[in-house]
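The coordinates should be read alongside it.

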Amino acid sequence: MSVFRNVVSYLTDKQTKLFFIDAAGALLTACCLFLLTYFFENGDTAIVTGALCGVACCFFTYSFLCFLFIRNTSAFHLRVVAIMNSLYACTTFIFVAIAYDELSPFSLAYFPGEMVILFILARVEWSVAMASQESRPQMKAVVYDHYGSADVLQFTSIPRPVPRRNDVCIKVSATTVTAADWRLRKADPFLARLFNGIFRPGKIRVLGAELSGIVEETGEKVTRFKKGDAVFASCEMHFGAYAEYTCLPDNEFIAHKPANITFEEAAAVPLGGLTALRFLQKARLKKNDFVLVYGASGSVGTYAVQIAKSIGCRVTAVCSTDNIQLVRRLGADDVIDYKTSDFTRRQERYKLIFDAVGKTSKSAVRHMLEPGGKFLSVWGIPPAHPDDFSELKKLVEGNQLKPVIDRRYTFDQIREAHAYVESFRKKGNVIVTWRN
Ligand SMILES: NC(=O)c1ccc[n+]([C@@H]2O[C@H](COP(=O)([O-])OP(=O)(O)OC[C@H]3O[C@@H](n4cnc5c(N)ncnc54)[C@H](OP(=O)(O)O)[C@@H]3O)[C@@H](O)[C@H]2O)c1
């Protein structure tokens, strides 16, 4: 019965319907083409077969692309589908023109007709999608449609997301501004455009890489969460936390919020915490190992100091004068002020030197490593496993990890929040919440 229910729900899913409309359109075209070639009795068999193979390839590629695009339905993707519909018609037209070397009155009438039909199909499909978007409840969100300075962030209304079968829809209580947000906003480095659109943001228009909030709705396959649960999550490459609601797959980096921290604190744990944890795990640290954290006052740095202390390491933190008290409070045994002394002249040797802000290099610190010691820089982040998130949660629940919150902003101050984080001067984390 559940298989039957799943099949029915799959077939009635709006996005799947759109896929079937497209696939049916393409199939219809391919069948017509087949019949057409059948009627051209004088055609050379090899050419006709070649043309049919070409059309079949087009059909499969087309259907596959439609599937990919329509699974992520948005106005932009539908535009692409409309263009692909027309291209498909043109391609079939060219194949037959080559195959028969001349155009019969029938084909002359057929192909323009086919293009008109496909165009109408695309329009209908577009209207259906637009109507379904318009009928969806709206929500407030911060959207960006151009790469650039913090001014590109616009406070606006967009349709509320609908959870798919494996999704959890979360009402966002708090999120943060991280380097990932401003770098994607500016497309810095340039290669970020390969991920999110060459000329303008496409796949991700709503930034926000981590959050805390309350589960509003769940897809039918979600069993771990229910409406009303307090959760915190890393959005990973989905982003989307700069909105009232966002949907995340339940099998990734999402967990129940630890009871001993606030929503604001919980929002600041996932990204910086996971990054620090991944690096420290990679170094296989043991009790009493000597660890130096360079850039100990940033988000990653403050977590790295605390995680190293939770393992029982002896931690030396490097930061500027203003942040000495902060890193001492986090448990650092020794603090070096990089503004007044050159930490590379120290005599101590370390099992791990972790550059948490990407501002030093292995060549500068190699002589400070003990035999077998490691230098790790935040630039090359090792992949995380969802189990790491449980590990992080345990550290928070055991009071071994406490997020440092520097400033708090509301969403209508998001541009100021971005400008501040981009200055590289934040201490720990910057929180963004909805105005009460
Ligand atoms: N935040 C995250 O969740 C996250 C996740 C993955 C990767 N990353 C990467 O990790 C790096 C650090 O990010 P972050 O958010 O932790 O911090 P950040 O906002 O990038 O950096 C802020 C901190 O860096 C310190 N800093 C600035 N210049 C420094 C220098 N020359 N030497 C030593 N410290 C310096 C500042 O402290 P002082 O004022 O004391 O100098 C400040 O506390 C970024 O490259 C980011 O792309 C971050």
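1. The 13 residues of α10 should span 18 Å at 1.5 Å a residue, and the end C-alpha atoms of α10 lie 19 Å apart, which agrees. The expected span is 1.5 Å times one less than the number of residues. Helices are DSSP runs (H or I, at least four residues), numbered from the N terminus.

2. This is a predicted model, in which local features need pLDDT of at least 70, side-chain atom pairs count only at pLDDT 80 or more, and totals for chains, interfaces and linings use all residues. Residues are numbered from 1 along each chain as its sequence is written.

3. Because 10 of its 13 residues are buried, α10 is largely enclosed by the rest of the structure. A residue is buried if 20 or more other C-beta atoms, placed from the backbone, lie within 10 Å of its own. Among the buried residues are Y303, Q306 and I307. G312, with a positive phi near 100 degrees, follows α10.

4. Helices α9 (residues 270–282) and α10 (residues 299–311) pack at about 50 degrees, their axes 8 Å apart. Axes are lines fitted to C-alpha atoms over the stretch in contact, and angles run from 0 to 180 degrees between N-to-C directions. The contact includes G272, A276 and L280 of α9 and V300, Y303 and A304 of α10; contact requires C-beta atoms, placed from the backbone, within 7 Å.

5. The axes of α9 and α13 (residues 386–397) come within 10 Å and cross at roughly 105 degrees. Helix α9 is therefore roughly perpendicular to α13 (angles of 65 to 115 degrees). Here G273, L274, L277 and R278 of α9 meet D388, F389, E391 and L392 of α13.

Definitions and conventions: Helix = DSSP H or I, 4+ residues; strand = E, 2+ residues; numbered from the N terminus. Contact = placed C-beta atoms within 7 Å. Buried ≥ 20, exposed ≤ 12 C-beta atoms within 10 Å, placed from the backbone. Parallel < 35°, antiparallel > 145°, perpendicular 65-115°, else oblique.
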